[in-house]
Amino acid sequence: MIEVRATEEIDAPAEAVWSVLTELDRFQSWNPFIRQARGSTEVGEMVHVRVRPSLGIPLAFHAKVVSVTPNRELRWRGHVLSRWLAAGDHTFAIEPMANGHVRFVQRERFTGILPWLGARLLAREAKRGFDAMNHALAERVLERERLA
């Protein structure tokens, strides 16, 4: 198993971050990593995801939403072709901080043959993508907060 984690402190309330995070159909307008996401964020529903790593090779997969705690956590599990080939358990967490900010944590646990074979490359590319998305999410939330 390979785990990749990225965090970003956001100067906004959890509800504002949650609002942007769960508007899947708007990801393509601000998200440099998850270029497209369609579906529902309800437990048991499917999300269709298209990711663009920095290598430029697009990756598409379907994920099942396995956990939702509004304003706190969204988690889905997906795989590419088959679970034994490549699978991931992805968590987006919003952690309130004492200063009124939140810490946004993006984490994925990868399993399967492909992640094992390309562990270093996968970890590097996923971390870059997570960092880019986290930063863009913070900018998008702050932009919305300024306009509100």
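The model is predicted, so local features need pLDDT of at least 70 and side-chain atom pairs count only at pLDDT 80 or more, while totals for chains, interfaces and linings use all residues. Residues are numbered from 1 along each chain as its sequence is written, and side-chain values use heavy atoms, with hydrogens and water left out.

Start with helix 1, residues 14-21. Helices here are DSSP runs of H or I with at least four residues, strands are E runs of at least two, and both are numbered from the N terminus. Six of the eight residues of helix 1 are buried, so the rest of the structure largely encloses this helix. Buried means under 20% relative accessible area, exposed means over 50%, and partly exposed lies in between, with a 1.4 Å probe and protein chains only. The buried residues of helix 1 are A14, A16, V17, W18, V20 and L21.

Helix 1 packs on helix 4, residues 119-147. The angle is about 115°, and the axes are 10 Å apart. That makes helix 1 roughly perpendicular to helix 4. Axes are lines fitted to C-alpha atoms, for helices over the stretch in contact, and angles run from 0 to 180 degrees between N-to-C directions. Angles of 65 to 115 degrees count as roughly perpendicular, under 35 as roughly parallel, over 145 as roughly antiparallel, and the rest as oblique.

Which residues make the contact? Helix 1 supplies A16, V17, S19, V20 and L21. Helix 4 supplies M133, L137, R140, V141, R144 and E145. Contact means heavy atoms within 4.5 Å. The residues of this contact divide into seven nonpolar, one polar and three charged. Ala, Val, Leu, Ile, Met, Phe, Trp, Tyr, Cys and Pro count as nonpolar, Asp, Glu, Lys and Arg as charged, and the others, Gly among them, as polar.

Stay on helix 4 for A126. At 6% relative accessibility, A126 counts as buried. A126 touches V4 and F110, leaving aside residues up to four places away in sequence.

Now the rings. Rings of Phe, Tyr and Trp (its six-membered ring) pair if their centres lie within 6.5 Å; planes under 30 degrees apart are stacked, over 60 edge-to-face, and the rest tilted. The count comes to four aromatic pairs. In one of them, F33 and F130 have ring centres 5.8 Å apart and planes at 80°, so the pair is edge-to-face. F33 sits in the loop between helix 2 (27-30) and strand 2 (34-39), F130 in helix 4, 97 residues apart. Both F33 and F130 are buried.

W76 and F92 also pair edge-to-face, because their ring centres are 5.1 Å apart and their planes at 80°. W76 lies in strand 5 (residues 73-79) and F92 in strand 6 (residues 87-96), so the pair ties together parts 16 residues apart in sequence. Both W76 and F92 are buried. Ring pairs link W76, F92 and F104 into a cluster.

Two loop residues remain. N71 lies between strand 4 (59-69) and strand 5. Its phi is near 65°, a positive value in a residue other than glycine. Most residues other than glycine have a negative phi. S82 lies in the loop between strand 5 and strand 6. At 21% relative accessibility, S82 counts as partly exposed.
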